[in-house]
Amino acid sequence: MKLESILANYLNQPKLELGDRSRYVGASDVGQCPRKVVLSKTVPETYDINTLIRFERGNVVENIIEKALTHSGIDFVSQLEVMHPEKPFTAHLDFTFLRDNGIAVLEAKSVSNIPEDPYPSWIAQLYFQMGLVDLQYNLPTRGAIVAVELNSGEFKVFNGYTHNPTLFKGLLERAGNIWDTLQAGTSATTEKSHLCIYCQHRSDCPEFSTEGLPDLPVADMVMDYLSVKEQEKKVKAELSKLRKDLEVMVQPYGQARAGDYSLKLGLSSRTSFDTKAFSEEHPDLVQQYMKTSSFSRLYVS
Ligand code: SF4
């Protein structure tokens with residue numbers, strides 16, 4: 001048997017601990033596009049081997065955390081299932097810390113880039129988890145998310161969340177709408193986001209109707225383009241942070257050295273034209289000299 005088949009057989013196995021996901025609304029569903037969630041439960045999704053391997057990174061991150069917690073002798077439950085007492089809403093918690101005076105939930109995420117702030121879908125998932133925990137245990141519940149980037153080893157903890165009845169109520173409504181749509185077999189609403197590029201139901205999504213357009217054989221190039229754009233954002237943010245950190249270090253001295261490198265804080269000036277003030281004072285001149293030129297620009301969505 002080819003290694004590719006061996007891998008595909010293994011990675012395609014259903015996650016038994018999650019049960020039949022078409023029979024409930026899960027915590028990870030409530031923060032996602034309703035159309036995607038409903039279709040993922042009614043139309044079986046298939047993934048290529050590369051995607052399946054990428055998905056495994058989530059398990060690797062969970063394994064690392066599980067081993068670290070066990071090594072430190074911390075009492076925790078892995079993949080605890082919590083359910084709504086009346087509705088088909090279920091959450092599987094990555095790590096739960098059950099104590100007599102309260103409960104803590106930790107959600108682990110594997111990411112390609114560590115975001116500055118947690119994504120809204122992560123937050124919704126965590127609040128839904130904490131709400132279901134509160135219903136089941138009736139103890140103060142708090143939560144955190146740890147995001148790990150396996151290539152660089154970077155990680156970030158987003159902490160300090162507590163059960164919020166108002167947010168939970170809103171999420172219950174969302175879950176209810178998803179469930180009702182699923183039962184009625186009707187079309188769910190769409191919610192466009194940066195995750196659309198990974199969506200399996202994009203080809204016939206009303207948000208991305210491409211009817212009548214020529215289909216170019218450059219899908220891989222588009223994926224590369226979007227990935228490099230993401231990296232560009234990250235590099236710019238890193239560069240800016242490093243520059244600021246270095247400026248803070250040099251600030252007390254004005255000039256310093258770091259090994260063979262010289263660091264100097266200098267003053268630079270920039271002359272700018274106050275277009276707003278000029279337009280207000282000389283509107284006629286602005287009209288006279290205003291020039292509009294057009295250029296082509298690529299929009300990818
Ligand atoms: S492409 Fe985007 S908007 Fe359309 S179903 Fe998928 S996630 Fe929702």
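Analyst: The ligand is surrounded by 14 residues, and C33, C196, C199, R202 and C205 are the closest; a residue counts as near if its C-beta atom, placed from the backbone, lies within 6 Å of the molecule. This shell holds six nonpolar, two polar and six charged residues, where Ala, Val, Leu, Ile, Met, Phe, Trp, Tyr, Cys and Pro count as nonpolar, Asp, Glu, Lys and Arg as charged, and the others, Gly among them, as polar.

The model is predicted: local features need pLDDT of at least 70, side-chain atom pairs count only at pLDDT 80 or more, and totals for chains, interfaces and linings use all residues. Residues are numbered from 1 along each chain as its sequence is written.

The protein has nine helices and eight strands, taken as DSSP runs (helices H or I, at least four residues; strands E, at least two) and numbered from the N terminus. Its radius of gyration over C-alpha atoms is 25 Å, well over the 19 Å that the globule rule gives for 301 residues, so the protein is more spread out than a compact globule; that rule is 2.2 Å times the number of residues to the power 0.38. The C-alpha atoms fill a box of roughly 70 × 60 × 50 Å along the principal axes. Of contacts between residues at least 6 apart in sequence, 64% join residues at least 24 apart, a contact being two C-beta atoms, placed from the backbone, within 7 Å.
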